[in-house]
Amino acid sequence: MKAKEIVLLIFIIVAGVFFYHVQAGKIDVVWDDFIALDFNEYTYQETQVIEPPLPASLKVLNSHGQVEVLGAETDRITFTFEKRIWRRNEEKAREVADELHPVVNKGDAAVTITTNRSDFKRRNFETNFRITVPSGTPVEVTNSYGLVRADQVGETMIDNRHGEVSVTNIRGGAVIENSYEDVEVSGLESNCTIRSRHSDISVKAVPGEVNIENSYGLVDLRGDSQKATITAPHTEIWVEDVSGPLEVRNSYEKITLRNVGPSRLDGSHSSIDIDGLAGNLEINDTYEPISLKSVRGNLQITGGHMSVKGKGIIGDNIYISSSYEDVDLADFAGKTTIVLSHGNITLTPLPLTGPLEVRATYSPITFFWPGEDRYPLEAQTRSSDIQWSLSGNVSIEEKDNLTLLRAFSEVSDRPRILLSTTYGDIQFEKGPSR
């Protein structure tokens, strides 16, 4: 490789890294500013009071800075405007500070607070607001490249491109949009909608509906919620103590549920771990393991190349379909259907409350008989054996590489067991004492 080509390659790599960090918000660049590395930082503040009567809501428009809006027992709006200015010397910074100021418009519907940032060609500065409003005031904030915090206000709307968001103790709901920084929400009285990417999102104690869209980050949802919908590819998801219906769409990251209500999970390459679920559970996934404990409701699992391990599943209907991985169920009850190919099946049911059927290929089956009760049984396998180590009379037929076992055919008032596989043994063992 020639020297010119090496230099060009290095330039391309450096440029790529630079633009990536600009896109990620790690480097703050405004293209019409003068960029220099030896500027000094100077900070100036001023305070204003907006006297009553006040319009119903507050709107804040800011860029490259922080916005904090705090509710308090007051009848007026008070705000501190902070200017962080980067210039070579204080004289230059003071000139900018004297010209940079907040702009307040007291309209019929809202008080709007913004700045005259657009008047400057060179903008190497940040503008920060700390605003106190009457508690419960509806708030709308548009910002970028800085923290937005709202506490003890009313209905809240925040659009904070490349900025962190903190929303707490809201008398109403919240709608939040951001990217590349964390979102923390707690203590709302109503619904919450969050649209983000490359962010870690934490939502707690929201009694209304929760709708979250994210990618390449983390979603942590805990407590309350009438209904929750999470659409988050490439995002790890944790949901705990959410009683309302839950819908999750995810890929390539783990889904963890603890003590939740009825749920539907659509995953791709998503491992799933559930402990405590009251209501129906529907899972569609591929290529990652599924672990279930204490599910009280109907269960439906469809997909391929995924193992299923479950304990304490009790519902009217249990349906599992997979391939190339094992299915292991213990302490389960209800009408049960398992469809599997190229995987081991181990079943340890509770006393049967519904029929149990296994349709498998290339899959050995181990069945632990529940208690002393008799259930009509038919088991068959092709090109393999059936091993019966229990008491009771059974009949075994072998023909054309097909082995067929029947037991307790005279019982007509109990749920029926049907096990069918190919190229895998079927083994019956005594189940655990209960």
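**Cavity, pocket and core**

Author: The residues lining the largest cavity are Phe332, Ala333, Gly334, Thr336, Pro349, Leu350, Leu352, Gly354, Pro355 and Leu356. On a 1 Å grid over the protein atoms alone, a cavity is a set of points where a 1.4 Å probe fits but cannot get out, a pocket is an open set with protein on both sides within 12 Å along at least five of seven lines, and lining residues have an atom within 4 Å of a point. This is a predicted model in which local features need pLDDT of at least 70 and side-chain atom pairs count only at pLDDT 80 or more, while totals for chains, interfaces and linings use all residues. Residues are numbered from 1 along each chain as its sequence is written, and side-chain values use heavy atoms, with hydrogens and water left out.

Reader: Which strand gives the largest share of the lining of the largest cavity?

Author: The lining of this cavity divides into 7 nonpolar, 3 polar and no charged residues, where Ala, Val, Leu, Ile, Met, Phe, Trp, Tyr, Cys and Pro count as nonpolar, Asp, Glu, Lys and Arg as charged, and the others, Gly among them, as polar. Strands are DSSP runs (E, at least two residues) numbered from the N terminus. The largest share, 3 residues, comes from residues 333-341, which form strand S29.

Reader: How much space lies in the second largest pocket?

Author: Its lining includes Trp369, Asp373, Arg374 and Lys430, and the lining residues divide into 4 nonpolar, 4 polar and 4 charged. A volume is the space filled by probe spheres set on the grid points, which are joined across faces, edges and corners. For the second largest pocket, that space is about 170 Å³.

Reader: How many residues has the largest nonpolar core?

Author: A nonpolar core is a set of buried Ala, Val, Leu, Ile, Met, Phe, Trp, Tyr and Cys residues joined through side-chain atoms within 4.5 Å, and buried means under 20% relative accessible area. Trp369 and Leu419 are among the residues with the most contacts inside the largest core, and Leu419 touches, among others, Leu356, Phe367 and Phe428, contact meaning heavy atoms within 4.5 Å. The size of this core is 100 residues.

Reader: Over which residues does pLDDT stay under 50?

Author: pLDDT is the predictor's confidence in each residue, from 0 to 100. The chain has a mean of 93, and 93% of its residues reach 70 or more. The stretch where pLDDT stays under 50 is residues 22-36.

Note on methods:
Buried means under 20% relative accessible area, exposed over 50%, partly exposed in between (1.4 Å probe, protein chains only). Helices (H or I, at least four residues) and strands (E, at least two) are DSSP runs, numbered from the N terminus. Lists of a residue's contacts leave out its neighbours within four places in sequence.
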